[in-house]
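Here is my note on this model. Please keep the sequence and the 3D view open as you read.

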Amino acid sequence: MITNLLRGAAAFCLALTPLALPAPVAAAAVVPVPEVLPLEDAVGKLLVAEEDRTGYTRDSFRHWNTGLDAGDGCNTRNEVLLAEAVQDPTVAAGCKLTGGKWLSYYDNVEVIEAGKLDIDHMVPLAEAWDSGASVWDAKRREAYANDQGAAASLVAVTARTNRSKADQDPATWMPPLPDAHCRYIGEWTATKLRWNLAVDQAEAEALKVYAEACETTIVHYNPAP
């Protein structure tokens with residue numbers, strides 16, 4: 001955090017000698033500081049609290065919106081697909097995608113049709129609500145649901161794995177590919193820290209177990225604006 005503090009001690013002199021006062025200095029913008037931590041340390045930073053789904057509806061999180069570039073004709077879903085393609089698709093009018101190739105890391109499956117992919121919220125919308133998003137305003141929930149400020153927040157995966165996951169946390173669901181587990185736990189933890197979301201007791205215990213098995217996993221996150 002960068003803070004500008006201007007302190008003056010010349011009030012007496014100014015009273016004797018009229019001087020032109022400088023224009024007020026605008027407060028410096030708060031710049032989020034990136035964090036890089038071993039997974040075990042990152043898990044230790046998570047707040048443990050009970051979850052509460054009272055009042056949740058999926059419509060509480062507006063998605064997909066116009067994405068990062070409102071002028072490209074692509075919504076958030078298609079912008080994520082374009083960003084994650086391992087072979088670029090053709091983009092036609094209305095951001096219609098044809099061709100291309102993606103790798104779903106949850107199950108190591110190659111996909112060559114955009115329509116067969118889901119964009120998974122790493123921390124599902126319902127789980128986010130349970131963990132703190134219920135007190136956010138609509139604008140912040142929309143920002144969360146369309147977050148492209150961190151690569152871990154939204155991920156293109158096979159529809160079957162996304163729908164198998166649904167709104168579960170790592171205490172009850174993990175990607176079917178064992179080799180994906182350390183990455184998944186790292187990205188789950190990064191997303192919770194980025195958005196200052198809590199974990200419940202069962203989730204916290206599961207994360208600690210996985211962290212012990214993923215000693216070389218490093219968590220990168222930027223606190224959300």
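Which cysteine does a disulfide join to Cys 182? The partner is Cys 214, with an S to S distance of 2.0 Å. A disulfide here is a pair of cysteine sulfur atoms within 2.5 Å.

1. **Ground rules.** This is a predicted model, in which local features need pLDDT of at least 70 and side-chain atom pairs count only at pLDDT 80 or more, while totals for chains, interfaces and linings use all residues. Residues are numbered from 1 along each chain as its sequence is written, and side-chain values use heavy atoms, with hydrogens and water left out.

2. **Overall make-up.** The protein has eight helices and eight strands. These are DSSP runs numbered from the N terminus: helices are H or I with at least four residues, strands are E with at least two. Of the 225 residues, 42% are buried. Buried means under 20% relative accessible area, exposed means over 50%, and partly exposed lies in between, using a 1.4 Å probe and protein chains only. The accessible surface comes to about 12800 Å², and carbon and sulfur atoms account for 55% of that. Such areas come from the Shrake-Rupley method with a 1.4 Å probe; for residues, only the protein chains shown count as cover.

3. **Contacts along the chain.** Take contacts between residues at least 6 apart in sequence: 70% of them join residues at least 24 apart. Contact means heavy atoms within 4.5 Å.

4. **The disulfide of Cys 182 and Cys 214.** Cys 182 sits in helix α7 and Cys 214 in the loop between α8 and β8, so this bond ties together parts 32 residues apart in sequence. The S-S torsion is about -85°, so the disulfide is left-handed. Cys 182 is partly exposed, at 26% relative accessible area. Cys 214 is buried, at 4% relative accessibility.

5. **The other pair.** The structure holds two disulfides. Cys 74 also bonds to Cys 95, with sulfur atoms 1.9 Å apart. This pair links distant parts of the chain, 21 residues apart: Cys 74 is in the loop between α2 and α3 (76-84), and Cys 95 is in the loop between β2 (90-92) and β3 (96-98). The torsion about this S-S bond is about 90°, so the disulfide is right-handed. Cys 74 is buried at 6% relative accessibility, and Cys 95 is buried at 4%. Counting bonded cysteines along the chain, the pattern is 1-2, 3-4.

6. **The largest nonpolar core.** How many residues does the largest nonpolar core have? It has 37, and Tyr 106, Tyr 144 and Tyr 184 have the most contacts inside it. A nonpolar core is a set of buried Ala, Val, Leu, Ile, Met, Phe, Trp, Tyr and Cys residues joined through side-chain atoms within 4.5 Å. Elements that each supply at least two residues include α4 (125-130), α5 (138-145), α7 (181-194) and α8 (201-213). The largest share, five residues, comes from α7. Apart from this core lies another of 13 residues, among them Cys 74, Leu 81, Ala 114 and Leu 154.

7. **Tyr 184 up close.** Leave aside neighbours within four places in sequence. The contacts of Tyr 184 then include Tyr 105, Tyr 106, Met 122, Trp 173 and Met 174.

8. In α5, the buried residues are Arg 141, Glu 142, Tyr 144 and Ala 145. They cover an arc of only 160° around the axis, which puts them on the same side of α5. The arc is that of the directions from the helix axis to the C-beta atoms. These residues pack against β6, α4, β7 and α7. In α3, Thr 76, Arg 77, Asn 78, Glu 79, Val 80 and Leu 81 are buried. Their cover includes β3, β4 (102-104), β6 and β7.

9. Asp 118 is in strand β6 (residues 117-121). Is Asp 118 buried or exposed? Asp 118 counts as buried, at 11% relative accessibility. A polar contact of 2.9 Å joins the side chains of Asp 118 and Arg 163. A polar contact is a pair of N or O atoms within 3.5 Å; within protein, one must be able to donate a hydrogen and the other to accept it, and residues adjacent in sequence count only if both atoms are side-chain atoms.

10. **Backbone points.** The peptide bond from His 63 to Trp 64 is cis, with omega near -10°. Cys 95 has a positive phi of about 60°, although it is not a glycine.
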